[in-house]
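Please keep the sequence and the three-dimensional view at hand while reading.

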Amino acid sequence: MTVPFVDLTAHRSPVDLRDRVALGFTKALRFCADTFFAKRYGHRAIVLETVAAVPGMVAATIQHLRCLRNMCDDRGWIRTLMDEAENERMHLMTFIEVAHPTRFERMVILLAQWVFYLGFFGLYLVSPKTAHRVVGYFEEEAVISYTLYLREIDEGRSPNVPAPEIARRYWGLPVDATLRDVVLAVRADEAHHRDVNHAYADELSGIVVNAARIAASPPHAVGDRAAA
Ligand SMILES: [Fe+2]
Ligand SMILES: [Fe+2]
């Protein structure tokens with residue numbers, strides 16, 4: 001299997017106060033996640049993917065409404081953002097085959113969804129640029145977390161179980177694919193989200209975006225068809 005290329009060193013340096021707030025907020029959440037989950041990467045993936053699937057749908061909704069009000073073109077943003085939300089949901093559907101959330105984690109998911117959905121919706125209404133920057137930084141952390149998950153697998157601390165069937169269908173993986181192949185594909189998706197969201201934040205700031213620097217995501221099926 002060809003390993004998708006991911007630039008592991010990519011980091012968008014903050015250039016203004018909003019960027020610094022976005023980065024500080026992300027680092028604070030990272031500290032909470034590290035404290036709560038430690039090295040339980042399967043559980044970490046499930047809980048965080050339930051949150052990761054929110055921003056794309058919120059941003060798509062608000063951009064859709066903006067385009068209706070202003071009767072203007074969306075320049076492909078809405079489809080891209082909805083694809084991101086679906087892609088994150090497929091990450092969740094994959095990892096639920098690998099680990100099972102505890103009852104307490106299910107309560108955390110419920111609470112986090114309420115708080116994060118409403119918080120992100122409000123932030124996007126007030127400052128879409130900051131909202132996309134926050135997601136860009138979240139995705140930088142996701143790339144780091146999945147790199148650490150790969151190390152756990154490679155060093156034998158997490159079993160390299162066969163890839164779930166839903167993941168093989170979604171990413172078109174071979175029948176002998178393993179969890180390691182799945183994590184590589186997921187990490188490449190996160191790198192793509194990282195670059196797209198930083199690019200959207202830049203575009204909203206009036207910065208010219210070099211589209212060639214946006215990481216490609218691995219090819220995958222449309223989610224619900226993969227799950228059928
Ligand atoms: Fe994800
Ligand atoms: Fe992501």
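Predicted model: local features only at pLDDT ≥ 70, side-chain atom pairs only at ≥ 80, totals over all residues.

1. Which residues make the contact between α2 and α4? On the α2 side, the contributors are His 43, Val 47, Thr 50, Val 51, Val 54, Pro 55, Val 58, Ala 59 and Ile 62. On the α4 side, they are Glu 105, Val 108, Ile 109, Ala 112, Gln 113, Phe 116, Tyr 117, Phe 120, Phe 121, Tyr 124 and Leu 125. By class, the residues of this contact comprise 16 nonpolar, 3 polar and 1 charged.

2. Helix α2 also packs with helix α5, which spans residues 128-154. The axes of α2 and α5 come within 11 Å, with a crossing angle of roughly 155 degrees. Since angles over 145 degrees count as roughly antiparallel, α2 is roughly antiparallel to α5. The crossing of α2 and α5 is left-handed.

3. In the contact of α2 with α5, the residues from α2 are Tyr 41, Arg 44, Ala 52, Pro 55 and Ala 59. Helix α5 contributes Ala 131, Val 135, Ala 142, Ser 145, Tyr 149 and Glu 152. The contact divides into 8 nonpolar, 1 polar and 2 charged residues. Pro 55 and Ala 59 of α2 take part here and also in the contact with α4.

4. The loop between α2 and α3 (77-95) holds Met 71. Although Met 71 is not a glycine, its phi is positive, at about 50 degrees. Is Met 71 buried or exposed? With 6 other C-beta atoms within 10 Å, Met 71 is exposed, the cut-off for that class being 12 or fewer.

5. Arg 75 is found in the loop between α2 and α3. Arg 75, a residue other than glycine, has a positive phi near 55 degrees. Arg 75 has 10 other C-beta atoms within 10 Å and is exposed.

How values were computed. Residues numbered from 1 in each chain as written. Chains lettered and ligands numbered in written order. Contact = placed C-beta atoms within 7 Å. Helix = DSSP H or I, 4+ residues; strand = E, 2+ residues; numbered from the N terminus. Nonpolar A, V, L, I, M, F, W, Y, C, P; charged D, E, K, R; others polar. Buried ≥ 20, exposed ≤ 12 C-beta atoms within 10 Å, placed from the backbone. Axes fitted to C-alpha atoms, helices over the stretch in contact; angles between N-to-C directions. Parallel < 35°, antiparallel > 145°, perpendicular 65-115°, else oblique. Left-handed = near helix turned anticlockwise from the far one by under 90°.
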